[in-house]
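My notes follow in the order I took them.

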Amino acid sequence: MESLIPIVNQLQDICNAVTIPLPLDLPQIVVVGTQSSGKSSVIESIVKREFLPRGQGIVTRRPLVIRLFKVTERDSDEAQAANNININGTAQISGSGDWVKFTHSDKIFTDFDEVREEIERETDRVCGTNKGICAEPITLGVYSKNVVNLTLVDLPGLTKNPVGSQPEDIEIQIRELVTKYIRNPNSIILAVTAANTDFATSEAIKLAREVDPDGKRTLAVLTKLDIMDPGTDALEVLTGRLIMIRLGIIGVVNRSQKDITEKKSIEKAIEDEANFLQRRYPTIADKNGQPYLSKRLSQLLMRHIRDCLPDLKIRVNSLISQYQAQLNSYGEPVTDKAKTIIDVITKFSLSYCDTIKGGKRQIKTTELCGGARIQYIFHDSFGRALSAINPLETLDNKAILTAARNAAGVRTAICVPDVFELLVTSQIKRLEDPSLRCVELVHEEMGRFVKHCGDEVHLELLRFPKLREKIEEILTKLLNERLPVTREAIVNLVGYGSAFIDTEHPRLRESFMVTYCDPIKPAGDTVRSASSLGQQNGKSNPGGPIAGTGDDASLRHERELRECEAIARKIHAYFNIVRDEIKVFVPRAIMHCMVNHIKSNLQSALIKEVYHYDMFDMLLSESDDIAKRRNETAEMLNALKKASEIINAIHYQKHQL
């Protein structure tokens, strides 16, 4: 089962190898504690090697990912052969068979003093020398027959106040960095606290409880047991009677600064630690100390890996599907340029036509688009504009009477046939402006359909910006060519309404019948009767009733007023007839002259203008952004597939155990 940990390390290598980090939360042990709490001594005791930087203040300024690999003599020999290491030469592995390899370097380190120098050098390279911190980790593997398989993450120590040239918000920066690592639900938190401080106020325990309130993944370590105040001990803390830690509290004895200065070996320090525990804590000595801590951490990590495996496998498979779909959307690298041109044109033409007629697989729920927008223009915008026109808005009794008298000239009769036709023709002309505005709206909307052609086509056009510009240019040209044709058709339609006044139209005849069936009213009621002219055949007059000017005394006689009312009714009735026809035939004309013509001729026009071999290279010059995203996505997909293979291997091994 110990083989699970190196395999998870392989997953971590895969995640670190890609340009953009994979969104996978891998199991690992995160070491958290305040400065000078003994974190470095604990880690060195687990590794059984002195290799971490030491000094005053903040020393660990970048996350340090330490992978421990337990090797045998045979593994050491194979490693030497694989890395061309000459045992008899200067690059030989140390006599103990331990060596270190950083992920940022191909060099194999056998001198652990050089390992410390490399860590310091890499830290200064990224963080500078001002004691600032950086989130970019340093990853190294320690290969030794004296370690257990583990992955540890050493983080900067928690602090309160900036020192020297540290930034003022160093406390916040460190806290955010530590929280980022321990928030990972698959991490085990190793909370380190010094025994000569108040365990109840431990910053490491407090921070761990914020992200792990149930304590399912927090293990506490109590360091420096040997320097507690005389007459005191840590028995209540270690047994959990003071504060209960679910995974336990393990006490250890660190090397003192004097021990480090005098080069006391870690092996000797572990031996002295065992003697101290047997002397001071004999009942719990076997559950404390550096060897037990290493063994306990290895067990916890292996168990944690096993528990996380199902969710990790589901997550990886989900990401593979996601990135595969994303990669497919970017398209394959262009090999056959002629075929690519035809494919893009065909996809765009079909998608553009589908946008107009509807039935697309991707339906928007936030706004009207495509054919639905055209339908809205026809039945809502255009319909409202026509309904808002009042044919009698400028034609009151006085205006009609004046027009009739002018048409009659020296004659006294008001019933001049030309009056009705002249007046209704001028009113029908008013239908032309909203009809032409409808054409403009549809023309503008069709030019915007490009952005509603679906994600697949949209990505293809983003991939080839020059081709996109050319397609939009050709589409705009087609629309502009059809605009004057459509406008002319609309002007003709409105002209047809006034070219022949159909006085035999049934609805107009009904108006005549109403006129001649009305009884003769007194002169005082004539003006009031005009208020009904705004309604005919159930239609309302939004402009209000026709009212007299109040100058009734100037009207020659009652018959002239009745004739004015009759003409007003006829104008209103005939205008409504023509308006209803315009409301129907203008959309038909626009669809025939513009929309359907574009649908029928778009693909052939695009091929005619675009399919020229000398333009292929220019048109298919790919967007740098798309090419970069394709490469990154392909890299991520390959990494995820490798991760899937490794996880499947772990799954297989788990069933074998």
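Entry 1. I began with the contact of helix 2 and helix 10. On the helix 2 side I found S41, V42, S45 and I46; they meet Q290, L293, S294 and L297 in helix 10. I sorted the residues of this contact by class and got four nonpolar, four polar and no charged. I note here that the model is a predicted one.

Entry 2. Next I looked up how these two helices cross. Helix 2 covers residues 39-47 and helix 10 covers residues 290-330. Their axes lie 9 Å apart, and the packing angle is about 80°. Angles of 65 to 115 degrees count as roughly perpendicular, so helix 2 and helix 10 are roughly perpendicular to each other.

Entry 3. I followed helix 10 along its length. Where does helix 10 have a kink? I found the kink at L309, shortly before the proline P310, and its angle is about 45°. Just after helix 10 I came to G331, which takes a positive phi of about 80°.

Entry 4. I turned to cavities. How many of 30 Å³ or more does a search of the whole structure find? It finds three. The largest cavity has a volume of about 80 Å³. I listed its lining: S41, E44, S45, V253, N254, R255, I266, A269, I270 and Q290. Helix 2 and helix 9 (266-280) are the elements that give two or more residues to this lining. By class I have four nonpolar, four polar and two charged residues in the lining of the largest cavity.

Entry 5. Then I checked the second largest pocket. Its volume is about 620 Å³. I found 25 residues lining this pocket, and S36, G38, S41, R54 and K224 lie nearest its centre. Which element gives the largest share? Helix 2 does, with three residues. The lining of the second largest pocket has 15 polar residues, along with five nonpolar and five charged.

Entry 6. Last, I looked up helix 11 (residues 337-357) and helix 20 (residues 558-610). Their axes are 10 Å apart, at an angle of about 170°. Angles over 145 degrees count as roughly antiparallel, so helix 11 and helix 20 are roughly antiparallel to each other. From helix 11, the contact residues include I341, I345, F348, Y352 and I356. From helix 20 they include V595, I598, L602, L606 and V610. K357 of helix 11 and K599 of helix 20 are also among them. I sorted the residues of this contact too: 13 nonpolar, three polar and two charged.

Notes: Residues are numbered from 1 along each chain as its sequence is written. This is a predicted model: local features need pLDDT of at least 70, side-chain atom pairs count only at pLDDT 80 or more; totals for chains, interfaces and linings use all residues. Side-chain values use heavy atoms; hydrogens and water are left out. Axes are lines fitted to C-alpha atoms, for helices over the stretch in contact, and angles run from 0 to 180 degrees between N-to-C directions. Helices (H or I, at least four residues) and strands (E, at least two) are DSSP runs, numbered from the N terminus. Angles under 35 degrees count as roughly parallel, over 145 as roughly antiparallel, 65 to 115 as roughly perpendicular and the rest as oblique. Contact means heavy atoms within 4.5 Å. Ala, Val, Leu, Ile, Met, Phe, Trp, Tyr, Cys and Pro count as nonpolar, Asp, Glu, Lys and Arg as charged, and the others, Gly among them, as polar. On a 1 Å grid over the protein atoms alone, a cavity is a set of points where a 1.4 Å probe fits but cannot get out, and a pocket is an open set with protein on both sides within 12 Å along at least five of seven lines; lining residues have an atom within 4 Å of a point. Grid points are joined across faces, edges and corners, and a volume is the space filled by probe spheres set on the points. The bend at a residue is the angle between axes fitted to the seven residues ending there and the seven starting there.
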